[in-house]
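Here is a short report on selected local features of one protein model. Start with the sequence and structure below.

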Amino acid sequence: MSNIRIRKETGRLFLDFRVFGIRCREQTELVDSKTNRKLLAKLDDNIKVAIANGSYRHEHFFPMSKRIAEVEEARLAMSAPAINKAPANLALAIAGTPPDLPPSTQRQTPLFSDFANQWYSEMEVGWKRSHRTTTRGVLDNSLIPHFGLRPVNEIKKGDILAFRSSLAKRPGIKNKESLSASRINHIMTPLRMILTEAADRYEFAPAFINIKPLRVGKTDVQPFTMQEVQDILRTVRADFKNYYIVRFFTGTRTGEIDGLKWQYVDFERRTISIKETIVNDYEETPKTGESERDIQMSQMVFDALLAQHKVTGQGVYVFATSAGTPISHRNISKRVWYPLLRLLGLKKRVPYQTRHTYATLMLASGEAPEWIARQMGHTTTEMLFRVYSRFIPNLTRQDGSAFERLIAAQMQDQPHPIINPQLVYEVSAHSCINPSNIRVNHLPKTQSRVTKEIKQEPQLPEPQAINPPELPSFAPPNLPNQLPDTRVNRSADAALVANPWLEIAKHSGLSVPPKADPIPSSDHPKGGLL
């Protein structure tokens, strides 16, 4: 008879049963709960079925047990008479694979619950305390209750997708109808890691393949305006004013400011070093390697920390309770933050929005994005622009105007072109363009309300149509061209040789030949330029 009992030293459940005459007490990592007791009861039923049909192998159910060899020896001893009667089946009996067993009973891999606990014990050494707590909760509350009694190699892709679909039907926190996509992805991540590791160790086809995470929407960023920040700082309790000044104008995370110690505040260099953080009432290292950074103090932050030093400077923490312990952000939010927002008639927002406010104000003020990213502990500026850039036009009210100011300032200083009337007539005579259509190209006034204030240069009046000057009439000489050849570049003046009238015009000061061409058309060379 099997018993489900609890070990007092660890508070975990274990199964007490007998198999092949040997008493086994196998420890599990399941906490004592109604759900976990049902899980162990089902496991006990599976053990009884396996013993009855002769397929029981202790290592299949408890791969970490110390009694595997002892139970296997007892099993072979009990089946010895049958082996002597059937020598042909000796190899099969020793191998532990009865010939009449269906393939479904031939388990070659451990149960999911056992392998998941083994994987957790191997991985937790590299995790922070908060991550260990979160992962342990995912295993105990979601993964082991659903997959615990199944061998890891029997979990297929369809089972994984069905499990994810069931997660979407669970009620969420704070009266939400279902779990968020982000929460579902956080539950699926340990499942993927466990099944991938099991497939690699036991050499079977991985099931978690081509299953993409659910799409998560953009971060809910609701920063405060500068006017709202001023209202908050003017109205907040005096003993918390310095606290919120530092939060609004340094962009620190909640755990970073709650765990800030005076040893990391350097008034001489005017910097705040982020070296520690508090998560779930425990001191931890910062979130990432880039989170360990130095934040430059603005004058307002510098003055606030000087004032705070007179209050808590003799202790360890910058913002501490009367007993000198770190403050609790949950207590402050409940007693100070949310009542303050209600008093000011502001929309309810979590205190973490102070960090988003810092980012948007820094971007709106024109600070370099790379510097802002370093101050906030980001690796690159990608997150900075992806999360916060959409708020910048709403703060500056000058979207697109910087380029307009640049163009206006540069182009307004350029002088207007001066057009020679004689040149206009020469161009029009050769290109058949009406001189009245040639105008001075004035710069248009910009229509942006930002650039209206820029001083506009006076515009030149529109030019009137230019009458071509009267050229003196002359007749072509009867003699051929007798003028001396004074050309310097013969190749460049090759066109003048083809037309003697161009040569005459060049040396006589005339710009163009007369309109009436006295030379017969037969004298013009083919392909002439005129």
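Strand β4 pairs with strand β5 (residues 271-274) over two bridges, in the antiparallel sense. Val 265 has Ile 272 in β5 as its bridge partner. This is a predicted model.

The pairing belongs to an open sheet of three strands. Their order is β4-β5-β8, and the pairing is antiparallel. β4 (265-266) and β8 (293-296) stand at the edges. Each has a single partner strand, so one side of each is left without a neighbour in the sheet.

Helix α11 (residues 238-250) packs against helix α14 (residues 329-344). The angle is about 100°, and the axes are 13 Å apart. Angles of 65 to 115 degrees count as roughly perpendicular, so α11 is roughly perpendicular to α14.

Which residues meet? From α11 come Phe 240, Tyr 243, Tyr 244 and Phe 248; from α14 come Ile 332, Val 336 and Trp 337. The residues of this contact between α11 and α14 divide into seven nonpolar, no polar and no charged.

## His 378 in its loop

His 378 is in the loop between α16 (369-376) and α17 (382-388). Is His 378 buried or exposed? Its relative accessibility is 11%. Buried means under 20%, so His 378 counts as buried.

The side chain of His 378 makes a polar contact of 3.3 Å with the side chain of Arg 355. Neighbours within four places in sequence aside, the residues in contact with His 378 include Glu 290, Arg 355 and Tyr 388. Ala 373, Met 383 and Leu 384 are also among them.

Methods. Residues numbered from 1 in each chain as written. Predicted model: local features only at pLDDT ≥ 70, side-chain atom pairs only at ≥ 80, totals over all residues. Heavy atoms only, no water. Helix = DSSP H or I, 4+ residues; strand = E, 2+ residues; numbered from the N terminus. Buried < 20%, exposed > 50% of the residue type's maximum accessible area, 1.4 Å probe, protein only. Polar contact = N/O pair within 3.5 Å; in protein donor to acceptor, adjacent residues only side chain to side chain. Contact = heavy atoms within 4.5 Å. Pairing = 2+ DSSP bridges. Axes fitted to C-alpha atoms, helices over the stretch in contact; angles between N-to-C directions. Parallel < 35°, antiparallel > 145°, perpendicular 65-115°, else oblique. Nonpolar A, V, L, I, M, F, W, Y, C, P; charged D, E, K, R; others polar.
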